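Dear colleague,

I am handing over the structure below, together with my notes on what was found in it. Please read the notes with the model open beside them.

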Amino acid sequence: FQNQDISKCPQKITIEIIGILSAAAQPASESVETILKSPVRAIFAYGTLRADYSSKGDKWGVTHGGTCTWTHATVSGFELYQEPNLYYPFATRSDKKDIKLVGTLLQWPSDDKLFAEKLSKCNQIEGWSPNLKHGLYKREVILATPIPTPLKNLPKKKADETDNRPKF
């Protein structure tokens, strides 16, 4: 689509471009020091941030580089949805307490500062800020339960360092 009007791109590509540009425009507003005041050192990812999103890792490069390790995990009381015109899924709390959402639990066990930098990158991707009262992304501390037996053909592994984000 080089040298073409963006309105001539397929809608799916246009939405993805807008999402990527929007994420890039969001400054990270939570300092590493603030993040590290919390004892939390893991991120539960259920969509494009999942470490098994592709053979190369997540869509945004959060799991690439450094010492990211991950395992499959579940959280209870959340349901996953997909809007056909969006390239990412979203999860919401459910009244069904026995329902489980499967994702990946991301950790950087040897480097707290790197964890904080990766969480900050997630904040930027999701457009999250501690000062926002409303937004599409809500960050909260939840209990994630690692799955003791890896899902079929998806064993626990170290995330690949290759950047597989779309290039425009």
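Tryptophan 108 is buried, at a relative accessible area of 1%, where buried means under 20%, exposed over 50% and partly exposed in between, with a 1.4 Å probe and protein chains only. Phenylalanine 115 is likewise counted as buried, at 2% relative accessibility.

Before going further, please note that this is a predicted model, in which local features need pLDDT of at least 70 and side-chain atom pairs count only at pLDDT 80 or more, while totals for chains, interfaces and linings use all residues. Residues are numbered from 1 along each chain as its sequence is written, and side-chain values use heavy atoms, with hydrogens and water left out.

A pair of aromatic rings is described by the distance of the centres and the angle of the planes. Two aromatic pairs are found in the structure (rings of Phe, Tyr and Trp, the last by its six-membered ring, with centres within 6.5 Å; planes under 30 degrees apart are stacked, over 60 edge-to-face and the rest tilted). Tyrosine 81 and phenylalanine 90 count as stacked because their ring centres are 5.8 Å apart and their planes meet at 25°; tyrosine 81 is partly exposed at 38%, and phenylalanine 90 is partly exposed at 33%. Tryptophan 108 and phenylalanine 115 make a tilted pair, with 6.2 Å between the centres and 50° between the planes.

Glutamate 30 lies in the loop between helix H1 (11-25) and helix H2 (32-36), helices being DSSP runs of H or I with at least four residues and strands runs of E with at least two, numbered from the N terminus. Glutamate 30 is buried at 12% relative accessibility, and its side chain makes polar contacts with the side chains of asparagine 123, at 3.1 Å, and arginine 139, at 2.7 Å (N or O atoms within 3.5 Å, one able to donate a hydrogen and the other to accept it; residues adjacent in sequence count only if both atoms are side-chain atoms). The charged end of arginine 139 also sits over the ring of tryptophan 128, 4.0 Å from its centre (CZ of Arg or NZ of Lys within 6 Å of the ring centre and within 35 degrees of the ring normal).

As for confidence, the protein chain averages a pLDDT of 79, and 69% of the residues score at least 70, on the predictor's scale from 0 to 100 for each residue. Confidence is lowest in strand S7 (residues 157-158), at a mean of 46, and highest in strand S1 (residues 42-45), at 96.

With best wishes
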